[in-house]
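Reader: Before I set up any calculation on this protein, I would like to go through a few of its local features with you, one at a time. Could we begin once the structure is on the screen?

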Amino acid sequence: MILNVCLVAHFAYGAINGGSNGSIGGVERQTSLMAQWLASRGHNVSLLTWSEDSVEDEIINGVKIIKICRQDSGLPGVRFFTPRWTGLIKAMKRANADVYYQNCGEYITGQVAMWCKANNKRFLYSLASDADADVSLPIMKKWRERVLYRYGLNNASQILAQTEQQRKLLKSGFSLESSIMPMPCPDKSEGQLAQYSQNKFTILWAARIHVCKRLELLLEVASELPEVDFIVGGSPVVEDKYYQMLFTKISQLSNVKYLGMVAREEMPALYRSASLFCCTSEYEGFPNTFLEAWSHGLPIVSTFDPDHLIRKRKLGFDAVTKDDLVLGIKKLCSDQVLWQQYSDNARHYYQENHSVDQVMERFEAIFTELSN
């Protein structure tokens, strides 16, 4: 059966076009990966994005890219409705798909659900963060965002969660059912996995720089471990006072190196050269960086532990405080046998649960079921 699906991801143009344009995060990479995988199977796939290079629709790797409008077009206060909402409606109509898919909680979830309901189309929605399943919607500050997102949740044909924690939150907070779908991650290791360092340990931290990622916590850890090197990759959403504060601290720490935004093709070498990956986030969904680290056999020390996997599967150490992070890093730095055990566990867990074909075949089955 040939599927006819449309994926809505406003910021995904850079991800599918080579990763150099736009704001590219885990959602954009996952959606771009899904679009290309489905197209490679012979399905009709369209991807709706902002107009970043040109306003004309185009074909990239077998995927029809339909442009909504330029993100900065229109007048402030009015652009929410036109051209952004009206552009989305026109793009969804041009796609003329049987099933529409959107990943990540935002007002767009409601806009997509509304159009699908009015046009008798099926809508598959995927949670991207624990915050998307939290009934208080902690990162949605505007009334219209909250109203539209709630509408989208309640009118989705099917909802996917990344973890059991998200499934439970959605059930208890919204009285909605969801099924768990692991996220896919391409294996970029090329058979070269991370190695235990006999000399100086290197800790890798990579994320967009935002308050919820708590980079300042990593810098506190770095100040207590001068014998360890820390590499920070990522760029800020805005260069505000928080950003300036962080970079003042970084400039005072000789064992911290800031790389800025790292190109996707350079990330595998970073994972292979590191001894550990560290996450200091307040909340997450299921970070792509975890999957990428584990695919390279890199243990993780983290304040976020999805479904307690890090602890239960011995993929590293979970933590709450700065002292926990320091202790976890010290344990793995000082014990080669333990590091190798956790590295092997990480690689095996990735291969068993997050290889691309295994996960995408499950997505394909859901799209097929919704299309019938």
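Reader: In this predicted model, is Cys-104 buried, partly exposed or exposed, and what is its relative accessible area?

Author: Cys-104 is found in the loop between strand 5 (99–103) and helix 4 (107–118), and its phi is near 105 degrees, a positive value in a residue other than glycine. Buried would require a value under 20% and exposed one over 50%. Cys-104 falls in between and is therefore partly exposed, with a relative accessible area of 23%.

Reader: Which relative accessible area does His-308 have, and how is this residue classed?

Author: His-308 has its place in the loop between strand 13 (300–302) and helix 12 (309–312), and its phi, near 60 degrees, is again a positive value in a residue other than glycine. Since the exposed class begins over 50%, His-308 counts as exposed because its relative accessible area is 51%.

Reader: Which side chain of opposite charge is nearest to Lys-121, and how far away is it?

Author: Lys-121 lies in the loop between helix 4 and strand 6 (122–126), and its side chain reaches the backbone oxygen of Ala-97 at 3.0 Å. Its contacts, not counting residues up to four places away in sequence, are Asn-96, Ala-97, Asp-98, Tyr-100, Trp-115 and Cys-116. A salt bridge would need a separation within 4 Å, and Lys-121, although buried, has none, the nearest side chain of opposite charge being Asp-98, at 4.8 Å.

Reader: How many residues of helix 11 are buried?

Author: Helix 11 spans residues 288–295, and the buried residues include Phe-290, Leu-291, Glu-292 and Trp-294. Just after helix 11, Gly-297 takes a positive phi of about 70 degrees. The helix is largely enclosed by the rest of the structure, because the number of its residues that are buried is eight of the eight.

Reader: Which helix gives the most to the lining of the second largest pocket?

Author: The second largest pocket holds about 570 Å³ of space and is lined by 24 residues, with Arg-29, Pro-186, Lys-188, Arg-264 and Glu-292 nearest its centre. Helix 1 (13–16), helix 2 (26–40), helix 10 (267–273) and helix 11 each supply at least two residues of this lining. With six residues, the helix that gives the most is helix 2.

Reader: Where is the cis peptide bond that involves Pro-83, and what is its omega?

Author: Pro-83 lies in helix 3 (residues 80–95). The cis peptide bond joins Thr-82 and Pro-83, and its omega is about 15 degrees.

Definitions and conventions: Residues are numbered from 1 along each chain as its sequence is written. This is a predicted model: local features need pLDDT of at least 70, side-chain atom pairs count only at pLDDT 80 or more; totals for chains, interfaces and linings use all residues. Side-chain values use heavy atoms; hydrogens and water are left out. Helices (H or I, at least four residues) and strands (E, at least two) are DSSP runs, numbered from the N terminus. Buried means under 20% relative accessible area, exposed over 50%, partly exposed in between (1.4 Å probe, protein chains only). Lys and Arg count as positive and Asp and Glu as negative; His and the chain ends are not counted. A polar contact is a pair of N or O atoms within 3.5 Å; within protein, one must be able to donate a hydrogen and the other to accept it, and residues adjacent in sequence count only if both atoms are side-chain atoms. Contact means heavy atoms within 4.5 Å. On a 1 Å grid over the protein atoms alone, a cavity is a set of points where a 1.4 Å probe fits but cannot get out, and a pocket is an open set with protein on both sides within 12 Å along at least five of seven lines; lining residues have an atom within 4 Å of a point. Grid points are joined across faces, edges and corners, and a volume is the space filled by probe spheres set on the points.
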